[in-house]
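Please keep the sequence and the model in view while reading.

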Amino acid sequence: MGKLKQTSLFPLYGELPGVRCIDFGGWELPVQFSGIVKEHEAVRQQAGLFDVSHMGEFTVEGADAEQFLQQMTTNDVSRLENGQAQYTLLCYPDGGVVDDLLIYKRGEGRYMLVVNASNIDKDWEWLQKHLTGKVSMHNVSDDTALLALQGPAAADILASISTLEPASLQSFRFTEDVEVAGHKALVSRTGYTGEDGFELYLPIQEAPGVWKALLTAGESHGLLPAGLGARDTLRFEAKLALYGQELSSSISPLEAGLGYFVKWDKGDFVGRDALLAQKENGVPRKLVGVEMIDRGIPRPHYPVFAEGVQIGEITTGTQSPTLKRNLGLALIDSRYTAVGTPLEIEIRGKLLKAEVVPAPFYKRSH
């Protein structure tokens, strides 16, 4: 096995007691610093700081860039204004998902794509294979660090050490050349936690200084550095899809409940015909929330049964740190997806009672 990749912040992890790193898609990344539940609660109540520099960034530029991205993605790129970001998906012709991603419009014919770390090479090859017209693409992943500052106190913390006036930045908007503790960054009001927050893109050599400055500025606000474990429980409670679990080459956006991000009226795009057929015929499977009635925690890939027959499986499940309930997301036969439907989940060879419940499990009130 090759050596694990590390972000430019890796040398700083050791300064924080209790950090535990794991192999995550070929990267040596912190799963936790002070404890998953503690970090999760900090993000819900105060703030957390994540190093997500393993994510991928591509620039797409040129006279035909918009047209190219329209053809490749499910959402409507033409609706983007300069300084706006958009959640979207790349699909295969059969409607399966290559990846889910964000598109940032930096100017006319100038875009940045932010893709999942484990899919960087695959996404790059897929886009290159379909490249047409006057478009140039660059993979800037290795030069770009990404920090996510998330939680109710995020705006106050960022305002205290940057030139950004957080109130001026709406959700899914971004601004470039923000100075954060003396370093230039692109700052967007986005995140993957179900909370208000910001993501900061900056050159890798600048990231350690900004990381330290944010931790110091956030200390009085209860900010904690947070790892992949809390990132996963936070996004799970908010029903934010994780590629490889709620989305994959065999799970379509419609099955995953992401039909809102598929725009039919924008013209043709890769996967449109297959997705339209699914829409017209009804999707065979749907992603739903499930809650255990019997004692047990539904883990990924545990089989789900109804009326004695397997109807699907758990995609993500845990004991929710916020709600203290044993919850899961499950991709199951559409006939069994009404709230209140009784289910059984196989845990260690036993069938345990569960039922379909509304999801997302958590929505912020402020």
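Strand β3 (47-51) and helix α7 each supply at least two residues of the lining of the largest cavity. The model is predicted, so local features need pLDDT of at least 70 and side-chain atom pairs count only at pLDDT 80 or more, while totals for chains, interfaces and linings use all residues. Residues are numbered from 1 along each chain as its sequence is written, and side-chain values use heavy atoms, with hydrogens and water left out. Helices (H or I, at least four residues) and strands (E, at least two) are DSSP runs, numbered from the N terminus.

**Cavity and pocket**

On a 1 Å grid over the protein atoms alone, a cavity is a set of points where a 1.4 Å probe fits but cannot get out, whereas a pocket is an open set with protein on both sides within 12 Å along at least five of seven lines; lining residues have an atom within 4 Å of a point. Grid points are joined across faces, edges and corners, and a volume is the space filled by probe spheres set on the points. The count comes to 1 cavity of 30 Å³ or more. The largest cavity holds about 40 Å³ of space, and its lining consists of Pro 30, Phe 50, Asp 51, Val 52, Ala 226, Gly 227, Leu 228 and Arg 231. For the composition of linings, Ala, Val, Leu, Ile, Met, Phe, Trp, Tyr, Cys and Pro count as nonpolar, Asp, Glu, Lys and Arg as charged, and the others, Gly among them, as polar. The lining of the largest cavity divides into 5 nonpolar, 1 polar and 2 charged residues.

The second largest pocket has a volume of about 250 Å³. Of the 13 residues that line this pocket, Arg 106, Thr 144, Tyr 201, Leu 202 and Pro 203 lie nearest its centre. The elements giving two or more residues to the lining of the second largest pocket are β10 (174-180), β11 (183-188) and β12 (197-203). This lining comprises 7 nonpolar, 1 polar and 5 charged residues.

**Salt bridges**

Side chains of opposite charge can pair when their charged atoms come close. A salt bridge is taken here as a side-chain nitrogen of Lys or Arg within 4 Å of a carboxyl oxygen of Asp or Glu. The whole structure contains 15 salt bridges; three of them are tabulated below.

| Salt bridge | N to O distance |
|---|---|
| Arg 106 and Glu 176 | 2.8 Å |
| Arg 325 and Glu 291 | 2.9 Å |
| Arg 335 and Asp 333 | 2.7 Å |

Arg 106 lies in strand β6 (residues 97-107) and Glu 176 in strand β10, so the pair ties together parts that are 70 residues apart in sequence. For accessibility, buried means under 20% relative accessible area, exposed over 50%, and partly exposed in between (1.4 Å probe, protein chains only). Arg 106 is partly exposed at 25%, and Glu 176 is partly exposed at 28%.

The salt bridge of Arg 325 with Glu 291 links distant parts of the chain: Arg 325 is in the loop between β16 (309-319) and β17 (326-333), and Glu 291 is in strand β14 (residues 285-292), 34 residues apart. Arg 325 is partly exposed, with 31% relative accessibility, whereas Glu 291 is buried at 19%.

Elsewhere, salt bridges that share partners join Arg 44, Glu 195 and Glu 237 into one network.

**Individual residues and a helix**

His 40 is in helix α2 (residues 36-45) and counts as buried because its relative accessibility is 0%. Contact means heavy atoms within 4.5 Å. Leaving aside neighbours within four places in sequence, His 40 is in contact with Ala 230, Thr 233, Leu 234, Glu 237, Pro 321 and Thr 322. Gln 45 also has its place in helix α2, but Gln 45 is exposed, with a relative accessible area of 54%. The C-alpha atoms of Gln 45 and Lys 5, 40 residues apart along the chain, are separated by 32 Å.

Gly 271 lies in the loop between α7 (228-237) and α8 (272-281) and is buried at 7% relative accessibility. Beyond its neighbours within four places in sequence, Gly 271 is in contact with Cys 91, Tyr 92, Pro 93 and Gly 95.

The buried residues of α6 are Ala 207, Val 210, Trp 211, Ala 213, Leu 214, Leu 215, Ala 217 and Gly 218.
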